[in-house]
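Let's take a walk through this structure together. Keep the 3D view open as you read.

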Amino acid sequence: MLRLFVLFTSLITISLTSLQAHASNNGTAACETLSEPFKQLATMTLDPAVGNPPKVALCHRVANAEKHYAKQANDKAIQELDKYIASISKRNGKFVEESYAAALISEAERVISVISGDFEPETMTINGGVFGFNDKAPVSGATVSVSFIESGSTFTTTTDSDGLFSIEDLTEAGVYVVDVTTADGKTGTAQGSLLETENTSSVLVTVDLAGSGAIYGTVYDEAGFPVPSALVTAIFPDTDRKYSAISTSDGSFTLTNVHGDGTLILVGFNNDTGASGSTTGVLSSFASQITRNVTITAPQTVNPEFLNAGFENGLEGWSTEGSVTIVDRNLIFTTPDSGN
């Protein structure tokens, strides 16, 4: 399952910190290095939505299933997964949230279908259109390349007479970058995401003659290490121009043919961890090339059982940045029958 992370930028940021850490321990370590087709199920089992018990027991079920599968003892692997499903069904709503329990069972059933040879992956489609940046006219015959960040797979097609394109029969999902080149030398980029649960994704790309600007930099994590395969997007708020690229193996990125349209926001995003970060800069005819590094930070995992959820004890158990004041919601919101 693909998790999507929504990024918000504000003057005041409140970050939650769990009072109960989710550190690995000997009971669940077996679930942290499993290979396909068990990897996703193991990751879901380690989620805070699964209580402990039965987290450890479920983890060992998945690990045992992988061991049997590696020895080609498929019947025994399936038996372990059947026991996994039975355990989830027994604890549904008590130690495992009901909606999440359904997701766990569905994933376990998918793994069983893979082991038994009955699994047929659903195909997915990316639809899109290419239009001129200035005149918004559809561009026919443009070359469209779609590259998935996680796998590096690239698919190429051309636009039809209406400027539309479609890439069908895809069996992988994730965040992707679209690069477009036209016959008269115009270029454009865009980004999108294809969800396994949606089956289709749409993206709009505008193209223009190449600009003379360039943005260089490197994406770093919190520890200062370079981050490969990160999505980097430069956004020019004043003109709505956007340029996207993927960081290389050493974390570096290059955005070329950029129009120097003034203030820009540079955003970095790691699809694997949900880490994100941003910085700003200015491109103009006087400074057409700049270097900006981006440090991205992974979102914190918050335990559903964290304390002081309703702020009964003030800000105890929470960490804050900037000036934060707790305000009674009744002072802000009124009930429908209040007459206000």
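Phe38 has 0% relative accessibility, so it counts as buried (buried means under 20% relative accessible area, exposed over 50%, partly exposed in between, with a 1.4 Å probe and protein chains only). This is a predicted model, where local features need pLDDT of at least 70, side-chain atom pairs count only at pLDDT 80 or more, and totals for chains, interfaces and linings use all residues. Residues are numbered from 1 along each chain as its sequence is written, and side-chain values use heavy atoms, leaving out hydrogens and water.

Now for the rings. The structure holds 4 aromatic pairs (ring centres of Phe, Tyr or Trp, taking its six-membered ring, within 6.5 Å; planes under 30 degrees apart are stacked, over 60 edge-to-face, the rest tilted). One of them joins Phe38 and Tyr69: their centres are 5.5 Å apart and their planes at 70°, so the pair is edge-to-face. Phe38 sits in the loop between strand S1 and helix H1, while Tyr69 is in helix H2, 31 residues apart (helices, H or I of at least four residues, and strands, E of at least two, are DSSP runs numbered from the N terminus). Tyr69 is partly exposed, at 30%.

Phe148 and Tyr176 also pair edge-to-face, with 5.9 Å between centres and 65° between planes. Here strand S3 holds Phe148 and strand S6 holds Tyr176. Phe148 is buried at 2%, and Tyr176 is buried at 0%. Together with Phe155, Phe148 and Tyr176 form one aromatic cluster.
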